Amino acid sequence: MADGFARKPRREKKLIAKNRSAHHEYFIDETFECGLELAGTEVRSLRERACQITDSFALIRNGECWLHNVHIHPYSNGSIFNRDPDRRRKLLLHRKQIDYLDGKLRMRGVALVPLELYFNEDGRVKLLLGLGRGKKLYDKREDMAKRDMQREIDRALKQRSR
């Protein structure tokens, strides 16, 4: 640059944990990016990618959004400063977003499902939260059939191009 200051290269998002079963169990209508209220040893543990979000869910209670059943393993060098690995954690959302989600959750069959936990470009822990409607068994079978058919088509095209 002309003024002598070098620009810091932007980092890309670094995935910590992904809920792979969420898209199998739910139709995801909308997604929201939110922060988490964490302790210092929890962040250090997440840097080691020691987290599990497969059975987790989010609820709105008393105008606040809470994340349940997320297991963040205790930090290896944390000693007495480690928190309970399975405690509920507060999600950081704007008031309008919380009110909007609260209105949507009052509908039957809608749930807040964590999709991904990651470090954003600034190094902050973020959670991708999905507003999902539950799938029926026949919907899941239909998705699996589509996936298998696409796999067969890809194999056939690969064989043909050889």
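**Notebook: contacts, core and surface**

I began with Leu46. Setting aside neighbours within four places in sequence, I found Leu46 in contact with Ile16, Leu38, Cys51, Ile72, Leu117, Phe119 and Val125. I note at the outset that the model is a predicted one.

I then looked up the largest nonpolar core, which has 26 residues. Leu46 is among the residues that touch the most other members, together with Cys51, Leu91, Leu112, Leu117 and Leu127.

I turned to the overall architecture. I recorded 4 helices and 9 strands in the protein. Along the sequence, their order reads β-α-β-α-β-β-β-β-β-α-β-β-α.

I looked up the contacts of the protein with a separation of 6 or more, and 69% of them join residues 24 or more positions apart.

I checked the dimensions. The C-alpha atoms fill a box of roughly 55 × 50 × 40 Å along the principal axes. The radius of gyration is 20 Å, whereas a compact globule of 162 residues would have one near 15 Å.

I then considered burial and surface. Of the 162 residues, 33% count as buried. The protein exposes about 11400 Å², and carbon and sulfur atoms supply 48% of that area.

On the surface I noted a nonpolar patch formed by Met149, Ile153 and Leu157, whose accessible area together is about 300 Å². I located Ile153 in helix H4 (residues 137–161). Ile153 counts as partly exposed because its relative accessibility is 41%, which lies between the limits of 20% and 50%.

My last entry concerns Asp55. I found Asp55 in the loop between strand E3 (51–52) and strand E4 (57–61). Is Asp55 buried or exposed? Asp55 counts as exposed, because its relative accessibility is 57% and the cut-off for that class is over 50%. I also looked up the spacing of Asp55 and Ala22: the two are 33 residues apart in sequence, and their C-alpha atoms are 9.2 Å apart in space.

Technical notes:
Residues numbered from 1 in each chain as written. Predicted model: local features only at pLDDT ≥ 70, side-chain atom pairs only at ≥ 80, totals over all residues. Heavy atoms only, no water. Helix = DSSP H or I, 4+ residues; strand = E, 2+ residues; numbered from the N terminus. Buried < 20%, exposed > 50% of the residue type's maximum accessible area, 1.4 Å probe, protein only. Patch = residues over 30% accessible without salt bridge, like charges linked within 9 Å, V, L, I, M, F, W, Y side chains within 5 Å. Areas by Shrake-Rupley, 256 points an atom, 1.4 Å probe, with all protein chains shown as cover. Salt bridge = Lys/Arg side-chain N within 4 Å of Asp/Glu carboxyl O. Rg over C-alpha atoms; globule rule 2.2 N^0.38 Å. Contact = heavy atoms within 4.5 Å. Core = buried A, V, L, I, M, F, W, Y, C linked by side-chain atoms within 4.5 Å.
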